[in-house]
Amino acid sequence: MPPVVPSDSWTNRFANVRPGASWLLGFVVATAFMVRLAATSVGSGRFDDPDNYLPLARSIAAGDGLTLQGRLTAYRPPLYPLILAPMVPLAGGRLIAAVAGLHILLGAATAGLTIRAAERLGLGTFRATAAGLIVACDPVLVWQARFVMTETLAAFLLIASLSAFARPGRWGPLLGGGLLGLAALCRPSALPGAGLAALAGLVVGPGGARMRLRRAAEIVVGVALVLSPWAARNVRALGEPVWTTTHGGYTLALANNEVYYRDVLEGPPGRVWTGRDQWLWWDSVNRRTAGMTEPEADRLLRDSVVELARNRPRTFALACVSRLATFWSVAPAAGVYGRATRGATALWTIPLWAALALGAFHPRFRRWPGVAVLAAIVGLSAVHTLYWTDMRMRAPIVPAIALVAASVEWGRKRINEP
């Protein structure tokens, strides 16, 4: 009697792959690899480290923990410097090349995982490939591979979580929640999307009330299990259980202060906040927070924004609308980028946004696990309605955008939707 092959075995999975699907996967992954290799090999400004992740990685590699200027810190999230830290002794003087290699590989893996998530959501080979190609070539996501910043890793973790949510079997919500926890330790702005995913898992089907409750609980537990060690570390290091970072108050105040409102919101159209006024604001913040612990400074800046919003609610609301428009802008700021770059980005983005708007109404995104894709998009959009925003901030949700945009049915009646 021949052996029984389990339905979820690797043999059965590959036996059911459509002809040509493996070739298309390889093509998309190779495209993502080559596009990022090109982007990280040419031009100026490559692998700038504006957020000081390399000093943090070197501190970890030296055995001093997550420190800046000799002080334990939670100002930046820990995951990215923890991943970079082993490269410090291994790469030596070629650390930047090692970071470039990491980003290229993560970008290629993100494109491949997007195809896997799309297939699990029932998009089919053609649309799954389209989703993967969007991720492979998206200018915002590709451009961020050039910097020592967290967007590339965050996009990988987000699509890994969405793929986990859509996987068959018992542990998808718990695994997806854990991956969203890692995403929050990479970019804390992923946390609201995780909360919305848990809420969506509780509210929408499939499954009865008990199954939905269990799904939501597993997502929350997965996130909490990953964040808890970091919070415990911060109790010891800072005296308080900081679950993400002490950077949130600063980022909130950076986008909500009287100087910013005057220079940008009430200034000439297209104005980018930079220069002397911004430096003076930074200096005033440093003087106000001198001598405070990181959590104290974080609360002070957060409370200053709450007070500003109460005193100027109309201006605060207009600022929120302006930030949301910036987040979803079809082209980068004219004051920073040239006409050719802005035009090329718009040519890519406008049809993508049209497909996104149409795809969002697809039935698969009104039930689990497709609704988690929309949760990720809405969650990050909500964060950057309040916090400092520019186009690069949407890079982590490009895989989610790709899944929705690729779902559009162009001129063909839907039959037997999954």
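Start with helices H6 and H7: H6 passes H7 in a right-handed crossing. The contact between these two helices involves 7 nonpolar, 4 polar and 1 charged residues. Keep in mind throughout that this is a predicted model.

To find the pair, select residues 95-120 for H6 and residues 124-137 for H7. Their axes lie 8 Å apart, and the packing angle is about 155 degrees. That angle makes H6 roughly antiparallel to H7, because angles over 145 degrees are put in that class.

Now show the side chains where the helices touch. On the H6 side, select Thr110, Ala111, Thr114, Ile115, Ala118 and Glu119. On the H7 side, their partners are Ala128, Thr129, Ala131, Gly132, Val135 and Ala136. Look at how the numbers are spaced along each helix. An α-helix has 3.6 residues a turn, so residues three or four places apart point the same way.

Stay in H6 and select threonine 110, which belongs to this helix. Is threonine 110 buried or exposed? Its relative accessibility is 2%, so threonine 110 counts as buried; the limit for that label is under 20%. Leaving aside neighbours within four places in sequence, threonine 110 is in contact with Val135, Thr152, Ala155, Phe156, Ile159 and Pro399.

Next, select residues 151-165, which form helix H9. Of its 15 residues, 14 are buried, so H9 is largely enclosed by the rest of the structure. At 1.5 Å a residue, H9 should span 21 Å, and its end C-alpha atoms are 21 Å apart, which agrees.

Select H17, residues 313-327, and H19, residues 370-386. The axes of H17 and H19 come within 7 Å and cross at roughly 130 degrees. The two helices are therefore oblique to each other. H17 passes H19 in a right-handed crossing. In the contact, Phe316, Cys320, Arg323, Leu324 and Phe327 of H17 meet Leu380, Ser381, His384, Thr385 and Leu386 of H19. Sorted by class, this contact has 6 nonpolar, 3 polar and 1 charged residues.

The remaining stops concern the backbone. Most residues other than glycine have a negative phi, and most peptide bonds are trans. Here are some exceptions to select.

Go to proline 369, in the loop between H18 (339-359) and H19. The peptide bond joining tryptophan 368 to proline 369 is cis, with omega near 5 degrees. Then select proline 206, in the loop between H11 (191-203) and H12 (209-238). The bond from glycine 205 to proline 206 is also cis, with omega near 10 degrees.

Now select asparagine 52, in the loop between H2 (21-39) and H3 (53-61). What is the phi of asparagine 52? The value is positive, about 60 degrees, although this residue is not a glycine. Asparagine 52 counts as partly exposed, at 36% relative accessibility.

With a relative accessible area of 84%, glutamine 69 is exposed.

Note on methods. Residues numbered from 1 in each chain as written. Predicted model: local features only at pLDDT ≥ 70, side-chain atom pairs only at ≥ 80, totals over all residues. Heavy atoms only, no water. Axes fitted to C-alpha atoms, helices over the stretch in contact; angles between N-to-C directions. Helix = DSSP H or I, 4+ residues; strand = E, 2+ residues; numbered from the N terminus. Parallel < 35°, antiparallel > 145°, perpendicular 65-115°, else oblique. Left-handed = near helix turned anticlockwise from the far one by under 90°. Contact = heavy atoms within 4.5 Å. Nonpolar A, V, L, I, M, F, W, Y, C, P; charged D, E, K, R; others polar. Buried < 20%, exposed > 50% of the residue type's maximum accessible area, 1.4 Å probe, protein only. Expected span 1.5 Å × (residues − 1).
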